[in-house]
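Have the sequence and the coordinates at hand as you read.

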Amino acid sequence: MEAQTSPKDEVAEAAELELEAVIGFNGHVPTGLKCHPDQEHLIYPLGCTILIQAINTQEQNFLHGHGNNVSCVAISKSGLYIASGQVTFMGFKADIILWDYKKRELMARLSLHKGKIEALAFSPNDIYLVSLGGPDDGSVVVWSIDKREAICGSPAAGLNVGNATTVIFSTCRDEMFVTAGNGTIRVWELDLPNRKIWPTECQTGQMKRIVMSISMANDDSFFYLGTTTGDILKMNPRTKLLADTGPAKDKFSLGVSAISCLQMGGLLVGSGDGLLVFCKSPSYKPIKKIQLQGGVTSITLRGEGHQFFVGTEESHIYRVNFTNFKETLITTCHFESVEDIVFPFGTAELFATCAKKDIRVWHTLTNRELLRITVPNMTCHGIDFMRDGKSIISAWDDGRIRAFAPETGRLMYVINNAHRIGVTAIATTSDCKRIISGGGEGEVRVWHIGHQTQKLEEALKEHKSSVSCIRVKKSNEECVTASTDGTCIIWDLVRLRRNQMILANTLFQCVCYHPEEFQIITSGTDRKIAYWEVFDGSVIRELDGSLSGAVNGMDITVEGVHFVTGGNDHLVKVWDYNEGEVTHVGVGHSGNITRIRISPGNQYIVSVSADGAILRWKYPFPS
């Protein structure tokens with residue numbers, strides 16, 4: 001398995017890139033967003049990483065250690081420990097990692113479950129950790145935190161019911177916990193002298209429910225279960241009987257995906273429809289409610305619950321004050337694969353990214369989203385800023401080129417039917433008079449942009465397959481297009497015809513001009529970085545770009561001394577152009593890197609990946 005080798009083995013002598021900031025949050029992890037008991041930090045997963053984000057400042061810490069996506073997170077009541085579980089490949093062991101919160105480092109790796117860790121919970125006095133395996137594993141295991149070893153385990157659910165998917169510990173006793181899932185609700189007692197756990201099945205009579213979320217009252221008097229049918233069950237852990245259920249009518253649309261008990265009584269309930277409700281037993285009628293974007297997956301209280309944080313599937317994190325019950329959006333990020341990243345000319349203060357249906361403009365230093373432009377049900381494949389900064393040009397899969405104003409997001413103009421099978425790549429000239437676009441059918445088209453008009457100057461039909469990258473020469477007299485048919489073509493933009501063609505046995509993904517413009521560098525699915533002579537299209541040299549996976553993104557500094565690459569090995573690499581050697585490696589992405597850019601002024605490197613993450617690295621050389 002490739003997953004087992006450490007990525008740093010490839011480039012032993014390279015220094016590590018410093019990760020400055022991450023924009024990203026995996027909103028699909030159930031109860032993945034947690035507020036730390038110190039009330040100053042939020043903890044949430046992104047891919048293989050766990051982020052510790054200070055609530056009041058921009059400070060971030062990263063916990064690296066998982067080899068695959070994080071599937072659950074838990075924090076102990078005292079706040080000393082964090083536990084996280086991951087998914088892995090079928091038949092392999094999935095790790096639970098125990099982290100020391102104060103030192104921000106790994107304490108122990110607990111391996112027993114196969115395939116996936118479904119849920120984790122700490123006992124109230126930090127003595128035990130209980131873990132639930134995924135559908136291929138189906139067992140529940142109790143771990144001793146001091147000894148860092150398993151005490152005992154048992155199958156989580158009976159033979160004729162579905163899998164258990166959630167677990168919660170008692171709030172007072174270290175010996176009792178509850179698991180629930182598809183048709184099963186069990187209260188477990190830990191018998192330490194005999195190293196056994198004894199389950200008792202809870203009786204719900206005729207009701208058959210699939211449990212999505214679970215919460216325990218502060219005095220252990222009751223626990224509440226949110227179900228996929230949109231109702232709430234209230235159970236008594238001592239008698240194991242159903243106390244009440246509700247609401248009778250108007251059930252929560254798309255299920256109760258998050259639930260949390262408040263100290264003063266009452267429940268906070270989040271639905272799969274994005275509704276956040278405060279309600280009370282036994283009627284469960286909404287007392288206060290707000291509508292959020294995306295299905296609610298986490299509700300986490302800050303302190304007693306005077307303020308709380310909500311995470312949704314669309315990767316939004318909201319802060320809500322309980323008294324006025326109004327939401328404030330505090331963190332946003334892409335929740336689809338990010339296709340492109342681009343800086344405006346000459347400034348590193350802002351940058352723009354595009355993913356699926358939206359283009360977003362970010363403030364670099366604060367990671368704040370300044371603007372969002374959404375075109376529903378379409379996919380944006382590429383963006384570019386006009387040199388004068390007055391428009392963002394974007395390429396869409398419906399074959400249109402759309403231009404937006406960068407401050408307001410107003411649609412300025414649309415070029416309809418620009419390409420037959422979607423627009424896949426786009427570039428602009430520095431005099432702001434031309435757009436060069438590439439399509440899924442392989443055509444390269446040059447558009448003249450007037451004051452009110454956009455007209456086609458030439459359609460250049462040479463490529464046989466989609467155009468993946470376009471770069472224009474500084475003088476605007478020449479451009480290079482890379483295509484997945486294994487050719488790179490250098491076009492004369494004055495005579496509008498082909499100058500030179502480069503052939504290789506690869507799907508080209510990215511191309512860059514050396515700043516002196518007598519050479520270009522390309523890369524793609526054959527993992528080779530090739531230097532070519534622009535004049536006659538001959539190959540100068542080839543380097544191994546990575547040991548595993550294609551190279552998808554590449555950018556070169558204005559001086560041409562260094563360039564950066566990123567690809568399916570999840571590593572950001574900084575190269576010395578003349579030596580052809582890796583000087584720095586950045587480890588932090590957990591998805592395939594799709595594009596990468598060096599900021600104007602060489603302060604940062606920004607890389608984007610298929611899991612929706614945007615990472616900002618410190619540029620390693622003094623500019």
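Two strands are taken to pair if DSSP finds at least two bridges between them. In this predicted model, strand E32 and strand E33 (residues 358-363) run antiparallel and are joined by six bridges. Within that pairing, Thr353 sits opposite Arg360 of E33. The two strands E32 and E33 make a hairpin with two residues between them, and Lys356 in the turn shows a positive phi of about 45 degrees.

Strand E32 also pairs with strand E31 (residues 338-342), again in the antiparallel sense, over four bridges. Here Val338 has Ala355 of E32 as its bridge partner. How many of the six residues in strand E32 (residues 350-355) are buried? Five of them are, which leaves the strand mostly covered.

## Cysteines without a partner

A disulfide calls for two cysteine sulfur atoms within 2.5 Å, and by this rule the count is zero. For Cys152, the closest cysteine sulfur belongs to Cys72 and lies 19 Å away, so a bond is ruled out by distance. Cys333 has its closest cysteine sulfur in Cys354, at 15 Å, which is also too far for a bond.

Are these two residues buried or exposed? Cys152 counts as buried because its relative accessibility is 8%, and Cys333, at 0%, counts as buried too.

## A loop residue

Thr239 lies in the loop that links strand E21 (232-236) to strand E22 (241-246). With 46% relative accessibility, Thr239 counts as partly exposed. Its C-alpha atom is 8.6 Å from that of Cys202, a residue 37 positions away along the chain.

Technical notes. Residues numbered from 1 in each chain as written. Predicted model: local features only at pLDDT ≥ 70, side-chain atom pairs only at ≥ 80, totals over all residues. Heavy atoms only, no water. Buried < 20%, exposed > 50% of the residue type's maximum accessible area, 1.4 Å probe, protein only.
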